[in-house]
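Student: Could you walk me through the contacts in this one? I'd like to start with the charged side chains and then move on to the rings and the sheet.

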Amino acid sequence: MLLDDRDALPPERGTAEAVGRFGRPGELVRKLFERDGESPDVEAGIAACIERFLGSARVSSELDYEVLAAHFQGSEIPAGWGTVTPYLERLQGSVLEHSINTSSPSYMGHMTSALPSFMRQLSRLVTALNQNVVKVETAKAFTPYEREAVAMVHRRVFGCDDAFYADHVQDRASTLGMVTSGGTVANLTALWIARNTALGPDGAFPGVERAGLAAALAHRGARRGVVIGSALMHYSLEKGADLLGIGTDALIRVPVDRDGRVRAAEVERTLAACRERGDLVIAMVGVAGTTDTGAIDPLVELAALAREAGIHFHVDAAWAGPTLFSSRHRHKLAGIERADSVTIDGHKQLYLPMGIGMLALREPRAARVIEKQAQYIIRTDSPDLGRRSLEGSRPGVALYLHAALHIIGASGYAWLLDEGIRKAAWMAGRLRACPEFELLAEPQTNIVNYRYVPPLLRDKARQCGLSRDEQAAIGQLNQRLQERQKADGTTFVSRTTLRHTVHGDDLPIVSLRAVLANPLTTEGHIDRMLELQTQIAASLMA
Ligand SMILES: *Cc1c(COP(=O)(O)O)cnc(C)c1O
């Protein structure tokens, strides 16, 4: 339950009562910084919190969000307690109990899933070291260490030869990629590099970096700069287009087929139309694993079109990039090795803690177009990673990546990825065999899209003969089903709206969406979840 008895807590620092009981504020705060300042109580308290959280059979609490929000109305900063334990007690009741157990095997709705348990220990190390990888003077070994981890990802994506890596892994003039806080910053960085490359210095013209977008486009005689990609591009690319002055209207979304893959012929037509209109194409984006269904664009065709047109080809493989570990499924990403830049999220299918993504760059000098210097740090020709990254101060989270690549390893990741895809295929088979459900898209990777269909409409649904009204009614039922299931709190799948299915093009279909990434999720968990959904649907229709 929500803890609300502030009176039960020790008095705050600075009050006469606190000084009497605990000592002066300065002594208390100083103690917080001492090496052994962390008492065994705190350690035991944290361990108990973790045990309670991860050991819970529930996915989420029953408490309504609005009730929770009403509990967090504070705006005044407390004087301070000077100790951790009372804070932990508050935390347990008001936050931890009402957080989402993303590592539960019955939580199969989003791209956030379980972590290997060693990550919890490693995260203590990252905090204890508190390295700032913006520059060597605050990180030292973490700089070549991060570069090595990035090189391993680069090799998995682009597969260059030994001589290439011998030259570039530690060459400070080269950047094989950058570690970011996530896929959003990686995608933004890719567009930034593409923009600065497409509109670089030219004779006396200093380039977009210095002159700005309007002057750069005018210099090139272009009406506007555009980015071309699938209709299902992630919204982070909109943020990128917005921030870089390209504008979200200039993010051209090309229609997809019924498998959610961009139509390459349409991309080709769009390229020609841009040329005719006098639009400068800054980049082409291929998606490897759409957020909705996990669909992978035809990367070979897109790469060929981009190369022929001489434009930057970015692949957003934030989700499905790690499929490259699977010898059985990596062919689905064929063409990715011809991309100029590739986004991969660490905190999705590399099973790293939240807060790590990366951008891999095929051409080691590509990032020079975004390079910045500062006199006090980040000097010219220094190996400082902050020279060529959007973010400044950054934690040493490459430790998670480097460790996982060694501990889980290539064959471990292959197993993880294969398992998810195998279970998605199993679930798809199950849904096909259950009259209650309709599989809405053949899973290309480990995301399953489906919906519940009420008994009276099942025949019509099978024959694709549902009217618009009937589709809307089924959609409403599935929306309520998903909400009821979420409130029940023992299992979870997410919900999305698909626009291209067997039922038609540009016809919105509400879809339940299962993401099968947790290796501890079994067929039994999936079956029990489907059973619960059937029960909920029956009670909603009653
Ligand atoms: C998750 C995701 C992103 C954004 O990544 P964040 O880590 O959430 O910033 C971008 N593109 C795709 C395809 C994704 O799945």
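Tutor: A salt bridge here is a side-chain nitrogen of Lys or Arg within 4 Å of a carboxyl oxygen of Asp or Glu. With that cut-off, R223, R224, R277 and D279 are linked in a network of salt bridges. Please keep in mind that this is a predicted model.

Student: How many salt bridges does the structure hold?

Tutor: The count for the structure is 25 salt bridges.

Student: Which residue does R124 pair with, and how far apart are the closest N and O atoms?

Tutor: R124 forms its salt bridge with E43, and the closest N and O atoms are 3.9 Å apart. Since R124 belongs to helix 6 and E43 to helix 3 (residues 40-55), the pair ties together parts that are 81 residues apart in sequence. Both ends are partly exposed, R124 with a relative accessible area of 49% and E43 with 39%.

Student: And what about E419 and R422, how far apart are they in helix 16?

Tutor: They are three residues apart in helix 16 (residues 409-433), and are therefore separated by about one helical turn. E419 counts as buried at 14% relative accessibility, whereas R422 is partly exposed at 39%.

Student: Which residue forms a salt bridge with R495?

Tutor: That is E483, with 3.5 Å between the closest N and O atoms. R495 lies in strand 10 and E483 in helix 18, so this pair ties together parts that are twelve residues apart in sequence. R495 is partly exposed at 33% relative accessibility, and E483 is partly exposed too, at 37%.

Student: Switching to rings: how many aromatic pairs are there?

Tutor: If ring centres within 6.5 Å are taken as a pair, the count comes to seven aromatic pairs. In one of them, the rings of Y107 and F492 have centres 5.0 Å apart and planes at 15°, so the pair is stacked. Y107 sits in the loop between helix 5 (85-94) and helix 6 (118-129), and F492 in the loop between helix 18 (468-488) and strand 10 (494-501), so the pair ties together parts that are 385 residues apart in sequence.

Student: Is Y107 buried or exposed?

Tutor: Y107 counts as buried at 9% relative accessibility, and F492 is likewise buried, with a relative accessible area of 9%. For F142 and Y145, the ring centres are 5.3 Å apart and the planes stand at 70°, so that pair is edge-to-face. These two residues both lie in helix 7 (residues 142-158), three residues apart, about one turn of the helix. F142 is buried at 11%, while Y145 is partly exposed at 24%.

Student: Which residues do ring pairs link into a cluster?

Tutor: The cluster consists of F437, Y450 and Y452.

Student: How do strand 1 and strand 7 pair?

Tutor: Strand 1 and strand 7 (residues 357-361) pair in the antiparallel sense over four bridges, and the bridge partner of G177 in strand 7 is A360.

Conventions: Residues are numbered from 1 along each chain as its sequence is written. This is a predicted model: local features need pLDDT of at least 70, side-chain atom pairs count only at pLDDT 80 or more; totals for chains, interfaces and linings use all residues. Side-chain values use heavy atoms; hydrogens and water are left out. Rings of Phe, Tyr and Trp (its six-membered ring) pair if their centres lie within 6.5 Å; planes under 30 degrees apart count as stacked, over 60 as edge-to-face and the rest as tilted. Buried means under 20% relative accessible area, exposed over 50%, partly exposed in between (1.4 Å probe, protein chains only). Two strands pair if DSSP finds at least two bridges between them.
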